[in-house]
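Hi,

Here's the structure I promised to pass along.

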Amino acid sequence: MVAKIVDLRSDTVTKPTEAMRGAMASAEVDDDVLGRDPSCFRLETEMAKLLGKEAALFVPSGTMANLISVLVHCDIRGSEVILGDDSHIHIYENGGIATLGGVHPRTVKNNEDGTMDIDLIEAAIRDPKGELVYPTTRLICLENTHGNCGGRCLSVEYTDRVGEVAKKHGLKLHIDGARIFNASVALGVPVGRLVQAADSVCLSKGLGAPVGSVIVGSNSFISKARRLRKTLGGGMRQVGILCAAALVALQENVEKLESDHKKAKLLADGLNEIKGLRVKTSSVETNMIYVEIEERLGTTASKLCKDLEDYGILLMAVGSSRLRIVFHHQISASDMQYTLSCFQYLPQNEVLPFLHFN
């Protein structure tokens with residue numbers, strides 16, 4: 001029998017805290033499709049203010065938030081969006097922008113730090129003279145932090161430069177900011193400044209709210225987004241029950257992100273000392289770690305995940321020789337130490353002794 005569960009699969013696995021459950025139980029609600037839910041209004045107002053935008057919209061998921069944002073900006077079928085080849089929108093969102101919106105993705109290589117070279121972005125913008133044969137470029141998408149690049153942060157300077165390119169060519173800029181608060185904390189930059197150059201932002205993961213995402217942008221953008229949300233089946237009635245939990249997450253969990261980052265760094269340093277495992281510790285900037293399993297260890301990512309699961313450690317295999325580890329506010333320092341101890345023992349032994357940490 002497993003003594004404890006340490007769930008490091010993602011920061012989406014958090015359970016609602018007692019404060020969240022209490023807020024949900026007592027939330028003031030009404031019909032949000034009619035625009036009357038006071039708890040939802042409070043969340044949207046707070047998020048718009050925090051990110052320096054005119055308005056905000058609560059939606060059921062981050063995937064829907066990105067989809068709506070892209071479709072609002074690319075409202076003519078056959079439009080084209082420039083985005084990273086390893087971005088969440090391109091890889092993990094079921095091709096929704098093309099399937100549902102007729103939007104063509106034009107990928108630019110993501111660098112190890114999550115950026116795309118500015119000159120390659122600009123080179124990917126279609127020449128309007130070729131509109132007879134080419135899609136029309138209307139949007140650039142960034143991701144901050146960048147998940148597949150290990151939770152790397154995009155700097156203010158970089159984002160501003162991309163924003164300047166977008167404006168120069170009459171394009172819009174959308175930021176998939178699922179973990180934008182992680183970037184803000186890691187960089188020591190107010191979250192509103194990080195997204196100043198963006199025309200729209202999607203926020204979801206990282207803070208531990210149980211359900212939903214928020215889109216921010218101009219009043220006209222959010223008005224169009226609200227209609228698309230209804231079209232996609234995302235309009236919900238007494239949604240304030242969910243928004244109340246998100247408000248608690250916003251109030252209580254932002255300050256915990258720095259601790260998540262420190263624990264991720266400590267675990268990364270420890271794992272990198274284990275023969276057969278390799279972590280590029282300099283790339284661990286926020287709450288994510290990618291672990292490379294060397295051939296000499298004689299195991300696979302899925303096998304190592306299964307072995308660790310026997311001791312309550314839940315991880316995610318990414319390919320045959322790579323693990324992903326994600327910290328969140330419900331992982332304690334003792335959880336981190338327990339995880340490291342299990343890793344240290346497994347390469348040398350088939351059976352772990354009973355390990356216990358208070």
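Let's start with the cysteines: Cys 342 is buried, at 0% relative accessibility (buried is under 20% relative accessible area, exposed over 50%, partly exposed in between, with a 1.4 Å probe and protein chains only). Its sulfur sits 13 Å from the closest cysteine sulfur, that of Cys 305, so it is too far for a bond. Cys 74 is buried too, at 3%, and its sulfur is 7.5 Å from the closest one, in Cys 141, again too far for a bond. Searching the whole structure turns up zero disulfides (cysteine sulfur pairs within 2.5 Å).

Before you go further: this is a predicted model, where local features need pLDDT of at least 70, side-chain atom pairs count only at pLDDT 80 or more, and totals for chains, interfaces and linings use all residues. Numbering runs from 1 along each chain as its sequence is written, and side-chain values use heavy atoms, leaving out hydrogens and water.

Next, Lys 205. UniProt, in an unreviewed entry, lists it as "modified residue: N6-(pyridoxal phosphate)lysine"; such annotations may be inferred rather than shown by experiment, positions follow the numbering used here, and feature names are shortened. Lys 205 lies in the loop between strands E7 (200-203) and E8 (213-217) (strands are DSSP E runs of at least two residues, numbered from the N terminus). Lys 205 is partly exposed, at 23%. Setting aside neighbours within four places in sequence, Lys 205 contacts Asp 11, Thr 12, His 88, Ala 178 and Arg 179 (heavy atoms within 4.5 Å).

Cheers

Methods: Helix = DSSP H or I, 4+ residues; strand = E, 2+ residues; numbered from the N terminus.
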